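Subject: Structure handover

Dear colleague,

Please find the structure below. My notes on it follow.

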Amino acid sequence: MKKLYVSVPVEGRTEEAIRASIKKMQKIAEVIFDRELEVIESVWNEDLEKSDIAGLARHIDAMKDADYFVGVNNIYNKYCDFEATVVHRFSIPATYVNAREICPDMFDGKGENAPKGSWEF
């Protein structure tokens, strides 16, 4: 089975919310790429506690087995930005989804404010 790397913002989010976003993104990627995909594990407790260079290295290392990629397209987050760059540079087939739809918990009740460490464009 082909493998999917899911790039989803983690900073300031619960593991439950992150995993719910990953499931949604997997379903979207399977429709777009027209195949069943196995998600590469990319959620580690260390990332939930802090984002640092060691965390980014774990994420980039996990991407080495990716056949496909799905990420968010309208929010900047330090990990997501680097992951998208790697995918582009190594020509991994990719698709992007709207962060507001996939990660609604990241925005305030009016859907206006992105969390600390991220910004929307």
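In these notes, Ala, Val, Leu, Ile, Met, Phe, Trp, Tyr, Cys and Pro count as nonpolar, Asp, Glu, Lys and Arg as charged, and the others, Gly among them, as polar. This is a predicted model, in which local features need pLDDT of at least 70 and side-chain atom pairs count only at pLDDT 80 or more, while totals for chains, interfaces and linings use all residues. Residues are numbered from 1 along each chain as its sequence is written, and side-chain values use heavy atoms, with hydrogens and water left out.

Overall layout

The protein has 5 helices and 6 strands, where helices (H or I, at least four residues) and strands (E, at least two) are DSSP runs numbered from the N terminus. Their order from the N terminus is β-α-β-α-α-β-β-α-β-α-β. Of the 121 residues, 41% are buried (buried is under 20% relative accessible area, exposed over 50%, partly exposed in between; 1.4 Å probe, protein chains only). Among contacts (heavy atoms within 4.5 Å) with a separation of 6 or more, 71% join residues 24 or more positions apart.

The cavity

A cavity here is a set of points, on a 1 Å grid over the protein atoms alone, where a 1.4 Å probe fits but cannot get out; lining residues have an atom within 4 Å of a point. Grid points are joined across faces, edges and corners, and a volume is the space filled by probe spheres set on the points. By this rule there is 1 cavity of 30 Å³ or more, and the largest cavity has a volume of about 40 Å³. Its lining consists of Y5, V6, S7, V8, S42, H59, Y79 and E83. By class, that lining has 4 nonpolar, 3 polar and 1 charged residues. Strand β1 (3-6) and helix α4 (78-89) each supply at least two of the lining residues.

Helices α3 and α4

The axes of α3 (residues 53-62) and α4 come within 10 Å and cross at roughly 35°. Axes are lines fitted to C-alpha atoms, for helices over the stretch in contact, and angles run from 0 to 180 degrees between N-to-C directions. The crossing of α3 and α4 is right-handed, that is, the near helix is turned clockwise from the far one by less than a right angle. On the α3 side the contact is made by G55, L56, H59 and I60, and on the α4 side by Y79, F82, E83 and V86. These residues divide into 5 nonpolar, 2 polar and 1 charged. H59, Y79 and E83 of this contact also line the largest cavity.

Single residues

S21 sits in helix α1 (residues 15-33) and counts as buried because its relative accessibility is 2%. Leaving out residues up to four places away in sequence, S21 touches V8, R13, I102 and C103. V8 is also one of the residues lining the largest cavity.

Two residues other than glycine have positive phi. D34, in the loop between α1 and β2 (38-39), has phi near 55°; at 68% relative accessibility, D34 is exposed. S91, in the loop between α4 and β5 (94-97), has phi of about 55° and is exposed at 64%.

P93 also lies in the loop between α4 and β5 and is partly exposed, with a relative accessible area of 36%. Its contacts, not counting residues up to four places away in sequence, are F33, D67, Y68 and F69. P93 and L4 are 89 residues apart in sequence, and their C-alpha atoms are 9.8 Å apart in space.

Regards

Technical notes: 1 Å grid on protein atoms, 1.4 Å probe; cavity = no way out; pocket = protein on both sides within 12 Å on 5 of 7 lines; lining within 4 Å.
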